[in-house]
Amino acid sequence: MQITVEAKPLASVESEALVSYVFDDSDGPQGRAAELDQFTGGLLARLNKTGELTGKALETTLIHAPANAKAARLLLVGAGKREQLNSAMLRKVAGVALRYLKARSVHNLVFVLREGGATEENAQAVVEGFLTADFETDKYKTDKKKDKFVDNAAIAGFTDGEKAAVEKGIARGGIIGEAQNFARDLVNEPSNQLTPKILADKAEAMAKEAGLAVEVLDEKKIAQLKMGALLSVAQGSIEPPRMIVITYTPANAKAGAPVVGLIGKAVTFDTGGISIKPADGMEKMKYDMAGGATMIGVMRAVAALKPSVKVICVVPATENMPGGRAQKPGDIQTAMSGKTIEVLNTDAEGRLILADAVHYAKQLGATHLVDAATLTGAIVVALANVNVGVFGSDQSWTDRLLASAKEAGEKMWQLPMDDEYREFIKGSFADIQNIGSGKGGGSITGAWFIREFAGDTPWIHLDIAGTAWNDDAKPWLAKGPTGVSLRTLVKLVTSL
Ligand code: BES
Ligand code: ZN
Ligand code: ZN
């Protein structure tokens, strides 16, 4: 999809659809909506009076052949309360419009920003909304809907003075939206198409194309480095593990600047291992590599946006299988850090592979860590599929992430990490055990386990088990992988 600016007066824009948004108030069309109303000879005002055009969030109203405009259609999307409008709502509005029109075989559209709305931030959000809404999970369907595509989208509704900001937003939104879809594509791959090796190959190809340094550690190198926690998970599978390391080094690195370590869980399939999962719903465990995919996607955006801090991405990739060599409950493993771990449940494997990845990221020089992982079912109990669970060891680092999440329009919620929870994973026969002995708090004990390996280095853990996959399509997003937390992390890294 090509995304451009449209500077012509709205009445003379030749497009299959003009799109804009209206608010949930009874004031009738104002500002740029009044201009659009003239195209319809006052129809919008009438529909607003009769209650057919309410401005209720994400409600759609399609008008065909507006009399006084060159466009073939006028689509209005509700944006809710005028005073609450923000870029997060605009992102959804743009996504809803794109999916609505695409489903009706409309191939090009012009999105009209409302008066005062032509900012870089808004243009970026609209483009991110377009691109993420355009993503489909039909890669393996042989009867693709050939006529359902939008190949041209433009943004209109800015003054001469605002044009440069809109263009900047379009460029930035393009980079971020495409990176998010890149991550979603990886997550969407079934495990027979995306083994740890294939994931590493794809990450390597991306890094090379983007001009990033990349190193992939194979099973021999992993063993040499004594990454015993990662190996313990991998030993149950015939597919060898990989440790993927991608590095971005800024041209203008300042001495003493933070070095960000981004660590992402990439279990390309999680059967649970010997502590095997029930069959019902197990197919979804192909998305247990979403944390890794997110971090690889972040690096793709980082390469283009060129922040001023160094970023090291470390992705441990493995399957979790119950093969003849699989680890068994009660087995004691030694992590790369030297800590011993009693594996009480082989299904708590994410924290094991993250233990070695976090340790390795520190060894490579990371001073500030963030990990993302589909770590626990318990986070779904706590936050459903609405918020990402956030855990942190350093409040000022965590606050930066939460602020970035707000700006990026991703819902995240911090959970507590009191010392009491740490007691839950004190080991009986080894230094620590991989599941809690207390009742409840499963996401917190999971987080504490990883934190043991972060030590004093400021660290954040994002539990995306509930949010990385949409079980149902949304009007602005296809069913399946969401790419959640990518935008927040890009924001965080570029704000340092
Ligand atoms: N990959 C799962 C977590 C998960 C659950 C992701 C649901 C996505 C959706 C993880 O490896 C796991 O199995 N965790 C266990 C931990 C338990 C054994 C302490 C869980 O949550 O049940
Ligand atoms: Zn598991
Ligand atoms: Zn898992």
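**Helix crossing, a loop lysine and a covered helix**

Modeller: K70 sits in the loop joining β3 (60-64) and β4 (73-78). This is a predicted model, where local features need pLDDT of at least 70 and side-chain atom pairs count only at pLDDT 80 or more. Residues are numbered from 1 along each chain, and side-chain values use heavy atoms.

Colleague: Why does K70 count as exposed?

Modeller: Its relative accessibility is 53%. Exposed means over 50%, buried under 20%, partly exposed in between (1.4 Å probe, protein chains only). So K70 is exposed.

Colleague: Which residues is K70 in contact with, leaving aside neighbours within four places in sequence?

Modeller: A11, S12, V13, E14 and S15. Contact means heavy atoms within 4.5 Å.

Colleague: Why is α12 called oblique to α15?

Modeller: The axes of α12 (residues 395-408) and α15 (residues 486-494) cross at roughly 120° and come within 8 Å. That angle makes α12 oblique to α15. Under 35 degrees is roughly parallel, over 145 roughly antiparallel, 65 to 115 roughly perpendicular, and the rest oblique.

Colleague: What makes up the contact of α12 with α15?

Modeller: Its residues divide into 6 nonpolar, 2 polar and 4 charged. W397 and R400 are among those in α12, and R487 and T488 among those in α15.

Colleague: What makes α3 mostly covered?

Modeller: 14 of its 17 residues are buried.

Technical notes: Chains lettered and ligands numbered in written order. Axes fitted to C-alpha atoms, helices over the stretch in contact; angles between N-to-C directions. Helix = DSSP H or I, 4+ residues; strand = E, 2+ residues; numbered from the N terminus. Nonpolar A, V, L, I, M, F, W, Y, C, P; charged D, E, K, R; others polar.
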